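Happy to walk through this one with you.

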Amino acid sequence: MYLIAKCQAGRLSWTEAKKTLELLPDPAPMSPPPPSSEGVLSESELMSSVYLLKGTVYQALDNHQYAAECFKQALKEDPYCVEAYEHLVFNHYYSGKCEEQIVNVTLDSSDLLQEEEVELLRFLYTGMSKKYHNQQKEMLPASLSSLNYNTTVLTSQAERLYYNCHFKSAYELCLRALKTDPYHFPTLLVHIGCLYELGKKNDLFILGHKLVELYPKAYISWYAVGVYYSLIKKWESARQCLSKSTNLNKLFAAGWLAYGHAFAAEGENDQALATYFTASRLLKGCHLPLLYIGLQYGSTNNPLLAEKFFKEAISLAPEDPFVLAEMGALYLQTGKGEYAMSYLQQALSKVKEGKHEWAASTWFQLYINLGQVYRISKQYDEAIKFFKHAHFLSSDSSTVYTGLGFVYALKGDAIQAVEYCHKALDKERQDPFTLQLLEMSLAALAGTGDKSDDEEEEEFIEAEEREFGEEIVKTPDMSSFLLPSV
């Protein structure tokens, strides 16, 4: 019966395979083989195979809850059933914490494994799991040093570097892994994200062309092409390719997010929301669809719904600095300074813990927001420190200079305020807030101000809301296209 069901599944006759599997009286398709039988599976391995096939069939029939239970049972019966764990991770059935618990329970409760085997499997399964909740580097145990050049290990290391914004280092590791296997899909998924972040248009074009030529029915082929079109901002073409990618694999999380981003980039909020909601429904353990739903509601001036979905995202990935930073930005935007400071500081702490790339422009807005929240709380020296760090990340931004000028004006240092206002106007000559700030600072230098300090500060703040109180939420970038894969 098991072999019949497997053949039916191979022909994609999922309903027939399901009916055949239901006829099995016991998870084991046959009696346990005698110990002396060579090349014959043990009872646990046979049971694991049945559960794996059941999970695959129910997954194809969109019964994801039962499929996830079958994959868990397959892993429990045989801790070496890597394919079952790949399904759990790639399809985002559980959060990162739950994945960690599944691995620990499976390995700790198994009587079939030696200590060395447990160490090996724990390292490999941890490397496959989500990186959001634990962005610390996983050290390869000394006893497993022979795996230094293993493609799976290199891909896991590259993925972790990618999440920590070390795009160049991740790219170099991907190249090493692809030398061994040029079309290893998990490595390619990380590689495509790195090519986007590094702006390598030609490389991405060539890769997409090769993949479509060799694997025209593979979801990752059309994903690569869609990401290329996103990089050159041809959004309609990007949506066509990404739609094809998600049709080929309905549980391809990175494809769904990229598809939603392609709508959001052109302000098509309703379509972007519909796409993110679809991703959220299919990918129960992934927080990114919830994050981007929150971003879309924030961009349409609906802070209550934005807060709701940000909180749901945090519940799934409480350690992800991107989510914490967005929650802080939302509270800053809605005038909840204490909450904003708490979440922004948590985000900064996670960035430091994960050793994220400090020069990454990804964190520019985080430092801008920290500068603002400390300025609001009248901690001007701290605000200056964060604005200057933002300047280090992006020296071409007029916002940084205006922010510094504003803080110095509030400190009563009109000379510095005027200097930074001039620098800001060099970047953006007609900015109304900077012009007003410059006028008031010059008046203060000339001693012609006829308002009290409190009145002047109130006018500063009122004008500031028109500049810094604008929507902090920006169009999502491709940094979150990458997701754990198999």
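A: A handy place to start: a residue counts as buried when its relative accessible area is under 20%. Keep in mind that this is a predicted model.

Q: Why is Ser-129 called buried?
A: Its relative accessible area is 6%, and the cut-off for buried is under 20%, so Ser-129 qualifies as buried. You will find Ser-129 in the loop between α7 (115-128) and α8 (151-163).

Q: What makes the pairing of the Ser-129 and Tyr-85 side chains a polar contact?
A: The two side chains are joined at 2.4 Å, and the limit for such a pair of N or O atoms is within 3.5 Å.

Q: How do you know how α21 runs relative to α22?
A: The axes of α21 (residues 380-393) and α22 (residues 398-411) come within 9 Å and cross at roughly 165 degrees. Angles over 145 degrees count as roughly antiparallel, so α21 is roughly antiparallel to α22. The crossing of the two is left-handed.

Q: Which classes of residue make up the contact of α21 with α22?
A: By class there are eleven nonpolar, two polar and three charged residues. Among them are Phe-387 and Lys-388 in α21, and Leu-404 and Gly-403 in α22.

Q: Why is α15 described by its direction relative to α16?
A: Here the axes of α15 (residues 269-282) and α16 (residues 288-299) come within 8 Å and cross at roughly 160 degrees. With over 145 degrees as the cut-off, α15 is therefore roughly antiparallel to α16. Their contact has ten nonpolar, four polar and no charged residues.

Methods:
Residues numbered from 1 in each chain as written. Predicted model: local features only at pLDDT ≥ 70, side-chain atom pairs only at ≥ 80, totals over all residues. Heavy atoms only, no water. Axes fitted to C-alpha atoms, helices over the stretch in contact; angles between N-to-C directions. Helix = DSSP H or I, 4+ residues; strand = E, 2+ residues; numbered from the N terminus. Parallel < 35°, antiparallel > 145°, perpendicular 65-115°, else oblique. Left-handed = near helix turned anticlockwise from the far one by under 90°. Contact = heavy atoms within 4.5 Å. Nonpolar A, V, L, I, M, F, W, Y, C, P; charged D, E, K, R; others polar. Buried < 20%, exposed > 50% of the residue type's maximum accessible area, 1.4 Å probe, protein only. Polar contact = N/O pair within 3.5 Å; in protein donor to acceptor, adjacent residues only side chain to side chain.
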